[in-house]
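Please read these notes with the model open beside you. They go point by point.

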Amino acid sequence: MTIDSLHDAGLRAFASDNYAGVHPEVLAAIGAANGGHQVSYGDDVYTERLREVVRERFGERAEVFPVFNGTGANVMALTSVLPRWGAVVAAATAHINVDEGGAPERMAGLKVLTVPTPDGKLTPELVATQAFGWGNEHRAQPLAVSVSQTTEMGTLYTPGELRALCDFAHERGMAVHVDGARLWNAAAALGVPFREFTTDAGVDVVSLGGTKAGLLGVEAVVVLDPDRATGLRYLRKLMMQLPSKMRFASVQLLALFDDDLGVRSAAHANAMAARLRAALESVPGLGFTQETAANALFVTLPIEVADRIRERVRFYDWDRARGEVRWMTAWDTTESDVDRFVAVIREELGV
């Protein structure tokens, strides 16, 4: 039986990097890992090689746990650094707060303590507004900080900013988690190795994104300080995130590390976002609300215009009340895709 394609492979949107397909080199890696038998549940040669590569990229103590999705990675990571009475401080816009269906609180039983931010970024001063009350039995104990890299607002933490946050947190006995759904985009934008803005900055545990980088339903938890993050070997099964045929998850992550495919692909996505912004920077009737540090653009324009554009090229509202929308580029966005989108936007704006 042959299954024909049910979609237009030429269709492009600017709604989410999740819309993009699987990178051809990743598909080839899956094919290379197929055939014959390999021990299940992570005792295969591909997962062992992944462990070696992760230690090379993140540090000699790093441990990696492939999982199915980002929510699972975040919940697992936070559970590993928090007791049942623990709370995590996060930006109000954080994915763990607004886009995970309450999973961190319902599945892990932890409390999310949120902080309003103008750009999605936490600072020691902002964390301090929630980091108090230790020993108070009436308050969930703030014992972790979670930041997104890149943030939900498309902004970026420098290694120095992360080091300041980690120092602040560790001085107060708090662990630091990074939601790295777009960590590859951050690495490409910063132009430094992963270790420099994770392990060397003092981060304890990372949710390493894969799906947005061109993988087929694979993410990972990377433990950087095994003394702070415990029990992942058991939590992964407990939280229904343990792949049986793990070789096919691990080989996809290996493909991103091989020849820096993940960083190169992310750099391309970032460059397409920069191209889009440059083409629209001076267009009347349109304004940018955040810096474009990676592959996300936040834009205000008349709602009725946004709705007309969306009928032709799909994207999402961010804050409809203020006419703010989000445009995302992906590893497979082309210059022609960007130029066509710019033409549609200008046409609907009448400029």
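1. One term comes before the rest. A helix axis here is a line fitted to C-alpha atoms over the stretch in contact, and an angle between two axes runs from 0 to 180 degrees between N-to-C directions. Keep in mind, too, that this is a predicted model.

2. Now apply that to a helix pair. How close do the axes of helix 12 and helix 13 come? The axes of helix 12 (residues 303-312) and helix 13 (residues 335-349) come within 9 Å. They cross at roughly 140 degrees. The crossing is right-handed.

3. Look next at the side chains and residues in that contact. Helix 12 contributes Val 305, Arg 308, Ile 309 and Arg 312. Helix 13 contributes Phe 341, Val 344, Ile 345, Glu 347, Glu 348 and Leu 349. By class, six of the contact residues are nonpolar, none is polar and four are charged.

4. In what order do its strands run? The order is 1-7-6-5-4-2-3, in an open sheet with mixed pairing. Strand 1 (63-67) and strand 3 (111-115) stand at the edges. Each has a single partner strand, so one side of each is left without a neighbour in the sheet. On average, neighbouring strands are turned by 25 degrees against each other, direction ignored.

5. Strand 2 (residues 86-91) pairs with strand 3 in the parallel sense, over five bridges. Within that pair, Ala 91 stands opposite Val 115 of strand 3.

6. Helix 2 (residues 45-58) touches strand 1 and strand 7 (219-223). Its direction makes about 125 degrees with that of strand 1. Helix 10 (residues 247-257) lies across strand 1, strand 6 (205-208) and strand 7. Helix 10 runs at about 120 degrees to strand 1.

7. Strand 1 also matters for the largest pocket, where it gives the most to the lining, with four residues. The space in this pocket is about 350 Å³. Its lining has 16 residues, and the closest to the centre are Tyr 41, Arg 51, Phe 65, Arg 233 and Arg 236. Helix 2, strand 1 and helix 9 (232-238) each supply at least two lining residues. By class, the lining has seven nonpolar, two polar and seven charged residues.

8. Four strands form it in the order 8-9-11-10, open and antiparallel. Which strands are at the edges? They are strand 8 (287-288) and strand 10 (316-319), and each pairs on one side only.

9. Follow strand 11 through this sheet. Strand 9 (residues 296-300) and strand 11 (residues 324-328) pair antiparallel over five bridges. Here Thr 300 stands opposite Glu 324. Three bridges join strand 10 to strand 11, again antiparallel. In that pair, Asp 317 stands opposite Val 325. The hairpin of strand 10 and strand 11 has four residues between the strands, and Gly 323 takes a positive phi near 70 degrees.

10. Now the cavities themselves. Rolling a probe the size of a water molecule over the atoms shows where empty space is left. How many cavities of 30 Å³ or more are there? The count is three.

11. Two backbone details deserve a look. A cis peptide bond joins Gln 149 and Thr 150, with omega about -5 degrees. Thr 150 lies in the loop between strand 4 (141-148) and helix 7 (159-171). The other detail is Met 240, a residue other than glycine with a positive phi, near 60 degrees. Met 240 lies in the loop between helix 9 and helix 10.

Terms used
Residues are numbered from 1 along each chain as its sequence is written. This is a predicted model: local features need pLDDT of at least 70, side-chain atom pairs count only at pLDDT 80 or more; totals for chains, interfaces and linings use all residues. Side-chain values use heavy atoms; hydrogens and water are left out. Two strands pair if DSSP finds at least two bridges between them. Contact means heavy atoms within 4.5 Å. On a 1 Å grid over the protein atoms alone, a cavity is a set of points where a 1.4 Å probe fits but cannot get out, and a pocket is an open set with protein on both sides within 12 Å along at least five of seven lines; lining residues have an atom within 4 Å of a point. Grid points are joined across faces, edges and corners, and a volume is the space filled by probe spheres set on the points. A crossing is left-handed if the near helix is turned anticlockwise from the far one by less than a right angle, and right-handed if clockwise. Ala, Val, Leu, Ile, Met, Phe, Trp, Tyr, Cys and Pro count as nonpolar, Asp, Glu, Lys and Arg as charged, and the others, Gly among them, as polar.
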